[in-house]
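Here is a short briefing on one protein chain. Look over the sequence and the model, then read the points below.

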Amino acid sequence: MIEVKSKFDRYIDGVVKICKRKNKQSDFGARQNTDTLKDLDVLIKLNYQEMSKRVEDVTFAKQESFELTMKIKVRKVKNVTSKNVAVIDNRMYAIKHTDSDDRNLYLYLQGDRKLETGED
């Protein structure tokens, strides 16, 4: 049997929520930490594929002063920037860098902070 490679990418590793932090401030005007999913506005949900961290990716991250925790690939969409955060399995990651090709958007993620459920 001959296996034919699909010209379409498969994003089979899970769902990522691309979010924007709400402007939550303390009584004295300082920005408060994001603790729950309620502290975020979900902009878009995308299926993703986890990519291997190549030596070039890790080197790039060090040059840009961040630690590459995870690299994922999603379908190419507009307006996803390093000002957003990514949430995968109730864990929040900072989007430190984005890169793209004709069909895909690659997100370089840092961190791994578990969010509280936000349920009382």
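Leaving aside neighbours within four places in sequence, L107 is in contact (heavy atoms within 4.5 Å) with I18, M70, K71, I72, V80, I95, H97 and T98. This is a predicted model, in which local features need pLDDT of at least 70, side-chain atom pairs count only at pLDDT 80 or more, and totals for chains, interfaces and linings use all residues. Residues are numbered from 1 along each chain as its sequence is written, and side-chain values use heavy atoms, with hydrogens and water left out.

**Overall layout**

- The protein chain has one helix and six strands. Both are DSSP runs, numbered from the N terminus: helices are H or I with at least four residues, and strands are E with at least two.
- From the N terminus on, the order of elements is β-β-α-β-β-β-β.
- The chain has 120 residues, and 32% of them count as buried. Buried means under 20% relative accessible area, exposed means over 50%, and partly exposed lies in between (1.4 Å probe, protein chains only).
- Among contacts with a separation of 6 or more, 59% join residues 24 or more positions apart.

**The barrel**

- Six strands close into a barrel in the order β1-β2-β3-β6-β5-β4, with antiparallel pairing. Two strands pair if DSSP finds at least two bridges between them.
- From one strand to the next, the twist averages 45°. Axes are lines fitted to C-alpha atoms, for helices over the stretch in contact, and angles run from 0 to 180 degrees between N-to-C directions.
- Strands of a sheet pair through backbone hydrogen bonds, either parallel or antiparallel.

**Strand β3 and its partners**

- Strand β3 (residues 70-75) is joined to strand β6 (residues 104-114) by six bridges, and the two run antiparallel. Here V74 stands opposite L105 in β6.
- Three bridges join β2 to β3, again antiparallel. M51 stands opposite K71 in β3.
- β3 is mostly covered, with five of its six residues buried.
- I72 belongs to strand β3. Its relative accessible area is 0%, so I72 is buried.
- Which residues touch I72? Leaving aside neighbours within four places in sequence, they are V16, Y48, Q49, E50, M51, I88, L105, Y106, L107 and L109.
- The C-alpha atoms of I72 and L109 are separated by 7.9 Å, although the two are 37 residues apart along the chain.

**Nonpolar cores**

- A nonpolar core is a set of buried Ala, Val, Leu, Ile, Met, Phe, Trp, Tyr and Cys residues joined through side-chain atoms within 4.5 Å.
- The largest one has 16 residues; V16, I18, I72, I88, L107 and L109 have the most contacts inside it.
- β1 (14-21), β2 (40-51), β3, β4, β5 (91-100) and β6 each supply at least two residues of this core.
- Another core lies apart from it and has six residues, among them V85, V87, M92 and L115.
- In soluble globular proteins, nonpolar side chains tend to be buried together.

**A buried loop residue**

- N84 sits in the loop between β3 and β4 (85-88).
- Is N84 buried or exposed? N84 is buried, because its relative accessible area is 7%.
- Leaving aside neighbours within four places in sequence, N84 is in contact with I18, C19, K20, L43, N79 and I95.
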